[in-house]
Amino acid sequence: GLGIPAEPLFRSSSGFDGCASLTSLTFATEQAGLTTIGNYAFRNCSTLVSIMLPQNVTSIGTSAFSGCSSMESIIACPSAVPTTGSSALYNVPTSIPVYVPSSSAKTAYQGATYWKNFSIQVMTTYSGTCGSNLNWSLNLQTKELTISGEGRVMTDYDNSSNKAPWRTYSSSVKYLTIPSVMQHIGNWAFGNCTALERMTQIGSNVSYNASIGNSAFRGCSNLKGQITINAGVQTIGEYAFHSCSSVTDFNVTHFTASNETYPSQNQLITIGQNAFTSCSAATFTGLWNSTYSANLTTIGNAAFMYCSTPTSLTIPNSVTTIGDYAFYGWNISSITIPAAVSSVGKCAFAGNASLRTVTWKATTCANFSGTDYEHPFYVSSDDKFQITSFSFDNAVTTLPSYICRDMDNITSIT
């Protein structure tokens, strides 16, 4: 399939003429301003089976979809019939459904040249409430779930008796729009929406005290690209993005609204257990930003377990607790433990065969387990410990028990 990145491609003629392996065509939400599809744009795309036209399209050029003989459906979001050039739909089977947004649009398409011979049908939409002054709407044809309204706090759900109301149709949720003022994304709100690919920025107009609930996006394995979280988010809940294995980056942007005061204090405070476990393709641009994470105190158990893509890590100086297995399976060569850390959980940095250098600044850290395989820096039964250099800050006067036990590769302690 083809997701469209830029409008100018479609104003030119023959942009994708003859792309015989193209099977689907979807214009991204950000292409809502697209108005023109040029002459011959998708002519002879003979394996194309579906297209979704953005709502602001007003013109479809000559032979734009001519020869698209395998077409199975057209989703036409414009309420007004676009001006349609000659042969624009030539050899597209007229037996296929064309889905339109309303009954009035159906009447308009049924009376329009080049469209009236198709089976014109009104899109299927489900809707309801999901919090005080919050509504949801799911269009089964466009596969877009929209949360709307003036409310800021979404209802918390679970994965058993109180599932989110759209979970019945979760296999149809491909795109998600969240209000910019959303203060809380509910527990299990979009968990196990395995078809979800794209969503809007989280909390883009929220300045403080926002939260992403437990398991909010858990198991959204097809969620792609960069996920942007606004710096107003203070809590990332347990299992929030667990197994979002196709996300390539979690970025942070700062609040931009003019009608609220941006607080002087920094934002992120807690990353819950398993929050990013198995986000195996992701980097975390901005998540460790010194401004955003300067008040972070807790990194929960297994919070970043099996996140093997990053090659470096800077733990904020404010962190006091690093949970069990927090960074298990990473691929970094060095790590610094900040002075404020009072607890490093078992296997916190284990399974990292690349780790060679540890800089220790923690002044009052609890003792480690005396068992090798529970040690924070343990690699495996074959490799045990691969650290070669361990250095201690001058302020450190007391060390945890067993801190360097059985590290037979160490050549330097300073």
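Begin by selecting Asp 372, which is buried, with a relative accessible area of 15% (buried means under 20% relative accessible area, exposed over 50% and partly exposed in between, with a 1.4 Å probe and protein chains only). What you have open is a predicted model, in which local features need pLDDT of at least 70 and side-chain atom pairs count only at pLDDT 80 or more, whereas totals for chains, interfaces and linings use all residues. Residues are numbered from 1 along each chain as its sequence is written, and side-chain values use heavy atoms, with hydrogens and water left out.

**Salt bridges**

While Asp 372 is buried, Lys 384 is partly exposed, with a relative accessible area of 38%.

A search of the whole structure finds 3 salt bridges. For another of them, select Lys 174 and Glu 197, whose side chains meet at 3.9 Å, N to O. Lys 174 sits in the loop between E12 and strand E13 (175–177) and Glu 197 in the loop between strand E14 (184–185) and E15, so this pair ties together parts that are 23 residues apart in sequence. Lys 174 counts as partly exposed at 24% relative accessibility, and Glu 197 is partly exposed too, at 23%.

Next go to Arg 405 and Asp 406, where the side chains meet in a salt bridge of 3.9 Å, N to O. Arg 405 is partly exposed, with a relative accessible area of 37%, and Asp 406 is partly exposed at 38%. While Asp 406 is selected, look at its backbone: phi is near 65 degrees, a positive value in a residue other than glycine. Asp 406 is found in the loop between strand E26 (389–392) and strand E27 (412–413).

Now move to Lys 143, which has a positive phi of about 65 degrees although it is not a glycine. Lys 143 lies in the loop between strand E11 (134–139) and strand E12 (144–148), and at 32% relative accessibility it counts as partly exposed. The two flanking strands, E11 and E12, pair in the antiparallel sense over 5 bridges (strands pair if DSSP finds at least two bridges between them); in E12, the bridge partner of Asn 139 is Glu 144.

**Into the interior**

Select Ala 216 in the loop between strand E16 (210–212) and strand E17 (225–230), where Ala 216 counts as buried at 0% relative accessibility. Leaving aside residues up to four places away in sequence, Ala 216 touches several residues, including Ile 185, Trp 188, Phe 190 and Tyr 239 (a contact means heavy atoms within 4.5 Å). Phe 241 is 25 residues from Ala 216 in sequence, with the two C-alpha atoms 7.0 Å apart in space.

Phe 241 leads on to the largest nonpolar core, which has 86 residues; those with the most contacts inside it are Phe 217, Phe 241, Phe 276, Phe 304 and Trp 360 (such a core is a set of buried Ala, Val, Leu, Ile, Met, Phe, Trp, Tyr and Cys residues joined through side-chain atoms within 4.5 Å). A second, separate core of 31 residues includes Leu 25, Phe 42, Ala 76 and Phe 118.

**Aromatic pairs**

A search of the whole structure finds 28 aromatic pairs (rings of Phe, Tyr and Trp, the last by its six-membered ring, pair if their centres lie within 6.5 Å, and planes under 30 degrees apart count as stacked, over 60 as edge-to-face and the rest as tilted). Select Phe 304 and Trp 330: their ring centres are 6.1 Å apart and their planes stand at 85 degrees, so the pair is edge-to-face. Phe 304 lies in the loop between strand E21 (298–299) and strand E22 (321–322) and Trp 330 in the loop between E22 and strand E23 (334–337), so the pair ties together parts that are 26 residues apart in sequence. Phe 304 is buried at 0%, and Trp 330 counts as buried at 2% relative accessibility.

Finish at Trp 360 and Phe 368, whose ring centres are 5.9 Å apart with planes at 75 degrees, so this pair is edge-to-face; both residues are buried.

Key. Helix = DSSP H or I, 4+ residues; strand = E, 2+ residues; numbered from the N terminus. Salt bridge = Lys/Arg side-chain N within 4 Å of Asp/Glu carboxyl O.
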